[in-house]
Amino acid sequence: MSVTVVLGAQWGDEGKGKLVDILAADMDVCARCAGGNNAGHTIVVPVGPERIKKTFAFHLLPSGLVNPKCTGLIGSGVVVHVPSFFAELDALESQGLDCSNRLFISDRAHLVFDFHQIVDGLKEVELGGSSIGTTKKGIGPTYACKASRSGMRIHHLFDDTFAEKFRKLLEGRFKRFGPFEYDVEGEIVRYKALAERLQPYVIDGLTYMHTAIASGKKVLVEGANALMLDLDFGTYPFVTSSSTSIGGVCTGLGIPPKMVGKTIGVVKAYTTRVGGGPFPSEQLNDIGVHLQEVGREYGTTTGRRRRCGWLDLVVLKHSCLINGYDSLNITKLDILDDLPEIKVGVKYLVDGKELSGFPADLDVLAKVEVEYVTLPGWKTPITEITEYDALPENCKKYLAFIEEVSGVPIEWIGVGPGRESMLSKSVKRTGTTNVGGT
């Protein structure tokens, strides 16, 4: 059971990348299992002899690549926009991150084309006031093609019938959305060139994963998005188009559940979400503005402002129930430093009656009244604190309350943006590793 999984426990943007970066220092493989370049992980690390902090932005590539001894795998369940793959890779390597011979893509992963992105925008326009608020990266339309068995996979790039399949796929989109402007033949020529450059990265991802595990290598799975955006268990239809749960890890990488040894849920110390959809604990007031501004709540992928609210433990318990976390990572705890009191959502009430769980029906969710517990703040900065025992008492009480209600122990605590700003409840923060090639 050498597979460790890191998953988002809320609506995404919890800061999964930082924990992945830390854990990847002791891992041989870091794999993505679902989603596409609609994900966004920002890694801040000190590099070089002067330990100057450098920021790396990841969207499609596994963020464990920041650690030079870790190999990255884009799994079969991921959808890949090849031009974005190379744009991201080139940007990272221009910053001194050498990914040579340690980045691979499963030949079963589906392809995102530029026309998928056009269709993504057209579908949002069709929905009008009920739009999902997608990143318009073409992720949903690509998964729709996959589900309808009309999609194209990485291995199709190297088939003699690629051009024929591509024209047929696009023909179906024209029938559905009308003949939008698109250079079909130019795109075919473009992808022939991209295929040649991509070929060294393409492998049988299934065989690779099982060979790595069988040989005793340590594997880290980096979840994209989060549980509340899961296609089945999130706030449907305001969700992403893939399985963001522990189930997506197994289907996206082709590994059985028994190979998963540990699952860690990443939870922001408050709650945010991007795009449309319900958000029971959202604060459209000064608290929401404080969390947004102090928390720097702007999307890594889109730059959009995130909606902000109090921590919602109904959401967290729903997430724990499905993913079965062994431990939690609480992030951005320092954003609460200046607040005299902190509220935590603990129950959903409809007409005065408590709901037994997180409702599937959004009409029911719209009627929910959140019951809060108010806890005292700590009114002192914690960013420079280096061990759990040194945290203010009220801060530790806040963490203990989360543990008590969720029933899951907290293992990691983020108190700042950097790699070094992650505390363990039992281990002091130690030194950091250099980025390869810097």
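**Rings, core and loops**

Visitor: How far from the ring centre of tyrosine 388 is the charged end of lysine 425 that sits over this ring?

Guide: First, a word on the ground rules: this is a predicted model, where local features need pLDDT of at least 70 and side-chain atom pairs count only at pLDDT 80 or more, while totals for chains, interfaces and linings use all residues. Residues are numbered from 1 along each chain as its sequence is written, and side-chain values use heavy atoms, with hydrogens and water left out. A charge sits over a ring if NZ of Lys or CZ of Arg is within 6 Å of the ring centre and within 35 degrees of the ring normal. For lysine 425 and the ring of tyrosine 388, the distance to the centre is 5.3 Å.

Visitor: Which residue has its charged end over the ring of tyrosine 388, 5.8 Å from its centre?

Guide: Lysine 425 is at 5.3 Å from the centre of this ring. The charged end at 5.8 Å from the centre belongs to lysine 396.

Visitor: How many aromatic pairs does the count come to?

Guide: Rings of Phe, Tyr and Trp (its six-membered ring) pair if their centres lie within 6.5 Å; planes under 30 degrees apart count as stacked, over 60 as edge-to-face and the rest as tilted. With this rule, the count of aromatic pairs is 15.

Visitor: What kind of pair do the rings of phenylalanine 113 and phenylalanine 115 form?

Guide: A pair of aromatic rings is described by the distance of the centres and the angle of the planes. For phenylalanine 113 and phenylalanine 115, the centres are 5.7 Å apart and the planes are at 15°, so the pair is stacked.

Visitor: Is phenylalanine 113 buried or exposed?

Guide: Buried means under 20% relative accessible area, exposed over 50%, and partly exposed in between (1.4 Å probe, protein chains only). Phenylalanine 115 has 0% and is buried. Phenylalanine 113 also has a relative accessible area of 0%, which means it is buried.

Visitor: Which residues do ring pairs link into a cluster?

Guide: Phenylalanine 113 and phenylalanine 115 form a stacked pair. The cluster linked by ring pairs is made up of Phe113, Phe115, Phe162, Phe166, Tyr182 and Tyr191.

Visitor: How many of the 9 residues of helix α1 are buried?

Guide: Helices (H or I, at least four residues) and strands (E, at least two) are DSSP runs, numbered from the N terminus. In α1, the buried residues include Lys16, Lys18 and Asp21. Helix α1 (residues 16-24) is largely enclosed by the rest of the structure, because the number of its residues that are buried is 8.

Visitor: What radius of gyration does the protein chain have?

Guide: The chain has 12 helices and 20 strands, and its C-alpha atoms fill a box of roughly 65 × 55 × 40 Å along the principal axes. The radius of gyration is taken over C-alpha atoms, and the globule rule is 2.2 Å times the number of residues to the power 0.38. With 438 residues, a compact globule would be near 22 Å, which agrees with the chain's 22 Å.

Visitor: Where in the chain is lysine 146 found?

Guide: An unreviewed UniProt entry lists Asp13, His41 and Lys146 for "active site" (positions are in the numbering used here, feature names are shortened, and annotations may be inferred rather than shown by experiment). They span 134 residues in sequence and the farthest two C-alpha atoms are 25.9 Å apart, so they do not all gather at one spot. Histidine 41 is in strand β3 (residues 41-47) and counts as buried at 7% relative accessibility. Lysine 146, partly exposed at 32%, is in helix α4 (residues 139-147).

Visitor: Which residues is lysine 146 in contact with, leaving aside its neighbours within four places in sequence?

Guide: Contact means heavy atoms within 4.5 Å. With those neighbours left aside, the contacts of lysine 146 are Ser76, Gly77, His110 and Gly151.

Visitor: Which residue does a cis peptide bond join to tyrosine 236?

Guide: Omega of this bond is about 10°.

Visitor: Is aspartate 351 buried or exposed?

Guide: Aspartate 351 lies in the loop between β16 and β17 (353-354). Its phi is near 55°, a positive value in a residue other than glycine. At 76% relative accessibility, aspartate 351 counts as exposed.
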